[in-house]
Number of protein chains: 2
Amino acid sequence: MLRRCPVAFAPRMMRAVKITAYGGPEKLAVTNIQRPVLETGEVLVKVAATSINRGDIAQRKGLYPPPLGVTDTPGMEFSGTVVDMEASLEDAPGYVPEIGSRVMGIVAGGGYAEYVAVPASLCIPVPSAISLTQAAAIPETYLTAFQAMHHHAGLLPDKAGAAQYGAGLKTRPPAAALGRRYRMLVHAGASGVGIAACQIAKLFEITSITTSSEAKVEACQQWATYAVSRTPNESGDVFAEKVEAAVGKSGVDLIIDPVFGGRYLQEDGQLLAMDGTVVVLSFLGGSKTELDGPTFFQRRATIRFSALRNQSDFYKTSLTQAFRARIMPYIQSGKIKPVVAKTVSLDQIQDAHRMVEANELTGKCVVVVDPKLAEK
Amino acid sequence: MLRRCPVAFAPRMMRAVKITAYGGPEKLAVTNIQRPVLETGEVLVKVAATSINRGDIAQRKGLYPPPLGVTDTPGMEFSGTVVDMEASLEDAPGYVPEIGSRVMGIVAGGGYAEYVAVPASLCIPVPSAISLTQAAAIPETYLTAFQAMHHHAGLLPDKAGAAQYGAGLKTRPPAAALGRRYRMLVHAGASGVGIAACQIAKLFEITSITTSSEAKVEACQQWATYAVSRTPNESGDVFAEKVEAAVGKSGVDLIIDPVFGGRYLQEDGQLLAMDGTVVVLSFLGGSKTELDGPTFFQRRATIRFSALRNQSDFYKTSLTQAFRARIMPYIQSGKIKPVVAKTVSLDQIQDAHRMVEANELTGKCVVVVDPKLAEK
């Protein structure tokens, strides 16, 4: 079968967003740059849509440079169709998407553009149940949530989970062996990652608790088992007391924390169950905090600083494969529905950044690059 | 085969150390208490020797109570011979030591006594190459070092290591795949855990660096690839600069840290390689410290608070089995030699605590409970 099909129709130049200088959303401009050239193992995707991540905002401000060798065009995810592939892929073993097939995935940069070059192994087939607009809201947030729950905290045991636990103690025993459900606390519950984590938790019978601003508590209740606000009480406690009121004093097994500073890590520690894990994603609440060792030691706790963008392709491939096997069937069956809060065009990229930065949205802000393709 | 043999000779009462009140070494007294009664799956061991751990000292001070349901007799490890076993073990599958065989192992308490009752699955056969006195210096320190290196940091890949990494990313790739050796930093390098970690590192071609007081640097050089002192430089840096001078700026993969407070965790963070792990064992340098999030985030680091005593028997069995398979052959072959700094009798228990508390020793302080048996 000839899967490769040189694309005379893919122009040498393409539209892409450029950061003209570090600063506010006004520093983003749509420009013409060279279309990416395929390297070994890559496919060329005509981008239908991409979406906004907090990492893009940090990059725009000059706080989160792309990894070495990665394009400085922002954008960490994409949906679209495969239009070309590098020659060595024609006879490659393993998964290679066909020309014309709908795919989505993560990239270390370059998503805000008409074309992206991406390793074939990082492509996730888009199920027929969703449009490419919806698909653009999936990769970064769902893979981040899945990474925390599966890879870091071991809350989604593989079918051989119990055996793995016995042999190498790398994963946990199935929750049933504990006589209770696993419990997960997610800060910023109305964010893309927060919603994804709660949706996955529900499917795997994990009790989820979110914290958010008072205004978003009601929205969070759609996905979480319990949703509490981050309004501090009289003693200055932000969430510890409310989480205990919901799930009791025996603690939570995983905390997904993009806040960290202020009182967050401290209260995280107080809430952890034995062998609990805090996955730190970012520092919205401040980057330095006091760490009380014994609080974490008593719980044999783990604090894991988790990033996805700068992982190796080898790691990302493994994560993507596990995600395809464990989560994608639920997206096809409609049990998991990505939440698109807003769609904008590539020309509205400045507005998109403004809305995400102002925390105005519940769910993802999708940037449609090719309106016709995105409807598919 | 009849393995059980009711022991008429095992008296109902036995000598054991009691903590008469929380406080200094003078609060330890040798008393007569009831011999432990076997519970399901346990064997009775006539103790030849035990040894002193920092946890025993903390327990004596009232700072480290035994886990629920565990005897308040101190002592977290033992060597000796099996003299009885609980009835259900006669036909038990898996490993059950025979009556009369020499064993060693960890217990959550009760080691400072003439008899201990211990799950059969936690017994480690003592190889013919070493005496029971030497054996008493092994379980707690070597299992703690092995747990950090194997279970927590994945530096000793199983034979199927690479495959496991690809599938579940629970362990690291073999060091060879990185094009360099793994590197490990151990604080308190002349401690029992420090020596054990360096000995294991050497066998698995891991570069080891220790920190210690100036007086113990020379001793540490026997086991470590590099040994540096913890004397601060003019800027107040304790070890970061010296470690970088030894292994370069690309960092260490594992730090075993019983110090934590002061500048330790901060300098740990600066020294970690990508995906590096700090295993915190105790708080000799203070229990609170400032945590700079981005330092750890840039390295995708993990901070793991590790304890062994309060783990489940299920976990300890798994750890013990892995340790028997991976490390014990090297003790039999003489490639790993436990370091006994001092042996004392049970009646000298106060002196033993004083010496360990004063950091006078390099290696373990073994307490001989039954001199005749211990010589074996």
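**Reading the interface of chain A and chain B**

Guide: The area buried between chain A and chain B is about 3600 Å², and carbon and sulfur atoms give 60% of that area. The model is predicted.

Visitor: How many residues does the contact take from chain A and from chain B?

Guide: Chain A contributes 41 residues to the contact, and chain B contributes 41 residues.

Visitor: How are the two copies of the chain related?

Guide: In general, a rotation about an axis and a shift along it relate two copies of a chain. Here, chain A is superposed on chain B by a rotation of 180° with 0.0 Å of shift along its axis, at an RMSD of 0.0 Å. The two copies are therefore related as by a two-fold rotation axis. Both copies use the same surface, since 100% of the contact residues of chain A recur in chain B.

Visitor: Which elements of chain A give two or more residues to the side that touches chain B?

Guide: Among them are helix H3 (139-152), helix H4 (161-168), strand S12 (272-280), strand S13 (288-292) and helix H11 (313-326) of chain A. S13(A) gives the most, with 5 residues. By class, this side of chain A has 20 nonpolar, 14 polar and 7 charged residues.

Visitor: How many bridges join S13(A) to strand S13 of chain B, and which residue stands opposite Glu290(A)?

Guide: S13(A) and strand S13 (residues 288-292) of chain B run antiparallel and are joined by 5 bridges. Glu290(A) stands opposite Glu290(B) in S13(B).

Visitor: How many salt bridges does the rule count over all chains?

Guide: The count over all chains comes to 26 salt bridges. One example lies within chain A, where the side chains of Arg263(A) and Asp237(A) meet at 2.5 Å, N to O. This pair links distant parts of the chain, 26 residues apart. Arg263(A) lies in the loop between strand S11 (252-257) and helix H9 (264-271) of chain A, whereas Asp237(A) lies in the loop between strand S10 (226-229) and helix H8 (240-247) of chain A.

Conventions. Residues are numbered from 1 along each chain as its sequence is written. Chains are lettered from A and ligands numbered from 1 in the order in which they are written. This is a predicted model: local features need pLDDT of at least 70, side-chain atom pairs count only at pLDDT 80 or more; totals for chains, interfaces and linings use all residues. Side-chain values use heavy atoms; hydrogens and water are left out. Contact means heavy atoms within 4.5 Å. Buried area is the accessible area (1.4 Å probe) that two parts lose on being put together, summed over both. Helices (H or I, at least four residues) and strands (E, at least two) are DSSP runs, numbered from the N terminus. Ala, Val, Leu, Ile, Met, Phe, Trp, Tyr, Cys and Pro count as nonpolar, Asp, Glu, Lys and Arg as charged, and the others, Gly among them, as polar. Two strands pair if DSSP finds at least two bridges between them. Copies are superposed by least squares on the C-alpha atoms of residues with pLDDT of at least 70 in both. A salt bridge is a side-chain nitrogen of Lys or Arg within 4 Å of a carboxyl oxygen of Asp or Glu.
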